[in-house]
Amino acid sequence: MQLLLSKFDKEFRQWYPDMTVSDETEGSPAGFEQFLEWSSTVHGNDRSMLLAYSHPLEPERIKEFTAKTGYAPMEIEVALGAVTLYVHESNPLRELTLEQVDAMFSTTRKRGDPSDITSWGQLGLRGEWEQRPIHLYGRDKQSGTRFLFEMEALLGGQFKANVQEERGVGPLVLAISNDPLGIGYAGVLFRELTTVEILAIAERAGKQFVKPSAETVRQGSYPMGRKLFLYANKAPNEELTPFVREFLEFANSREGQEMVVQSGFYPLSISEVTSNLAMLAARTKSKSK
């Protein structure tokens with residue numbers, strides 16, 4: 001979400017030129033710890049913090065936040081995304097089941113594939129590809145994308161030690177662009193690049209293969225779709241700070257959603273935006289009644 005947030009920040013500072021906006025990009029787990037610490041120790045409007053999260057906050061994190069503050073954080077959806085599988089443009093492979101993905105990337109194979117997949121021939125490729133080894137790429141341990149892939153594709157299983165970890169989507173896609181034997185998972189940010197191909201995914205053998213798109217993610221037919229969120233610290237009897245409220249409204253504005261698309265994510269539907277703005281308006285009015 002770093003690119004998306006930087007676009008939000010740049011445009012938002014034109015509205016509030018005297019406001020300082022700072023992005024911290026250590027990843028979702030570290031971001032939550034900072035958000036929790038600030039929310040449980042800072043009171044008043046001298047400083048505002050939003051937590052960007054590339055999937056819904058886990059129940060245990062919400063419980064931890066509630067234990068510290070006495071209430072759950074306020075959640076606003078800002079975009080749709082997808083964890084996708086990339087291969088080099090020269091690779092003839094175009095589809096995979098999650099069982100195959102699990103057998104490639106994990107040691108535990110919780111999805112039940114009986115064999116460890118290490119060569120392209122095991123995925124049905126023939127000729128010069130049949131004996132070629134598979135080179136694995138993935139995101140680093142601080143990434144929310146890595147967590148989602150671990151939960152959705154590997155069912156919480158263990159990654160293989162030979163997965164080459166990259167700190168961002170850009171470096172990962174670049175690595176696969178330079179490695180014809182590479183396959184890696186990342187967000188759908190670079191879906192228009194011609195040096196790589198995005199694979200269609202099926203939940204399991206016999207199910208339909210689906211490529212990521214705004215509709216397939218929104219409908220839930222793409223197996224590794226996700227929602228992207230901003231979280232705010234808001235007590236039930238208090239208003240959001242004006243800065244935070246305006247920022248969240250901007251993220252749900254036409255300009256904000258255009259930046260979602262420019263960042264490679266999928267925009268919210270009109271009904272989703274309308275619901276978010278109505279919630280923000282209701283939270284503001286509740287204080288004045």
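Biologist: Before we start, what should I know about the model and the numbering?

Modeller: It's a predicted model, where local features need pLDDT of at least 70, side-chain atom pairs count only at pLDDT 80 or more, and totals for chains, interfaces and linings use all residues. Residues are numbered from 1 along each chain as its sequence is written, and side-chain values use heavy atoms, with hydrogens and water left out.

Biologist: OK, helices. At what angle do helix 2 and helix 3 pack?

Modeller: About 15 degrees, with the axes of helix 2 (residues 28-41) and helix 3 (residues 59-69) 9 Å apart. Helices here are DSSP runs of H or I with at least four residues, strands are E runs of at least two, and both are numbered from the N terminus. The axes are lines fitted to C-alpha atoms, for helices over the stretch in contact, and angles run from 0 to 180 degrees between N-to-C directions.

Biologist: Why call helix 2 and helix 3 roughly parallel?

Modeller: Because angles under 35 degrees count as roughly parallel, over 145 as roughly antiparallel, 65 to 115 as roughly perpendicular and the rest as oblique. Helix 2 and helix 3 therefore come out as roughly parallel to each other.

Biologist: Which residues make the contact between them?

Modeller: Helix 2 brings Pro29, Phe32, Glu33, Phe35, Leu36, Ser39 and Ser40, and helix 3 brings Arg61, Glu64, Phe65, Lys68 and Thr69. Contact means heavy atoms within 4.5 Å. By class, there are 5 nonpolar, 3 polar and 4 charged residues in the contact of helix 2 with helix 3. For the classes, Ala, Val, Leu, Ile, Met, Phe, Trp, Tyr, Cys and Pro count as nonpolar, Asp, Glu, Lys and Arg as charged, and the others, Gly among them, as polar.

Biologist: Is threonine 69 buried or exposed?

Modeller: Buried, with 19% relative accessibility. The cut-offs are under 20% relative accessible area for buried, over 50% for exposed and in between for partly exposed (1.4 Å probe, protein chains only). Leaving aside neighbours within four places in sequence, threonine 69 is in contact with Ser39 and Ser40.

Biologist: What about helix 1 and helix 8, how do they cross?

Modeller: At roughly 120 degrees, and the axes of helix 1 (residues 2-15) and helix 8 (residues 242-251) come within 11 Å. That makes helix 1 oblique to helix 8. On the helix 1 side you have Phe8, Asp9, Glu11, Phe12 and Trp15, meeting Phe243, Glu246, Phe247, Phe250 and Ala251 in helix 8. The class count for helix 1 with helix 8 is 7 nonpolar, no polar and 3 charged residues.

Biologist: Switching to the core. Which residues touch the most other members of the largest nonpolar core?

Modeller: Phe105, Trp120, Phe149 and Ile183, out of 46 residues. A nonpolar core is a set of buried Ala, Val, Leu, Ile, Met, Phe, Trp, Tyr and Cys residues joined through side-chain atoms within 4.5 Å. Among the elements giving two or more residues to this core are helix 4 (98-105), helix 6 (169-177) and strand 2 (74-88). Strand 2 gives the most, with 6 residues. There's also a second, separate core of 22 residues, which includes Leu230, Leu248, Ala251 and Met259.

Biologist: And what is buried in helix 6?

Modeller: Val169, Leu172, Val173, Ala175, Ile176 and Ser177 are buried there. The buried residues of helix 6 pack against strand 2, strand 4, strand 5, strand 6 and strand 7.

Biologist: Where does threonine 145 sit, and what is it in contact with?

Modeller: Threonine 145 is in helix 5 (residues 144-152). It counts as buried, at 5% relative accessibility. Beyond its neighbours within four places in sequence, threonine 145 is in contact with Ser54, Val83, Arg139, Tyr185, Ala186, Gly187 and Arg226.

Biologist: What does glutamine 158 touch?

Modeller: Phe105, Ser106, Thr107 and Thr108, not counting residues up to four places away in sequence. Glutamine 158 is partly exposed, with a relative accessible area of 48%.
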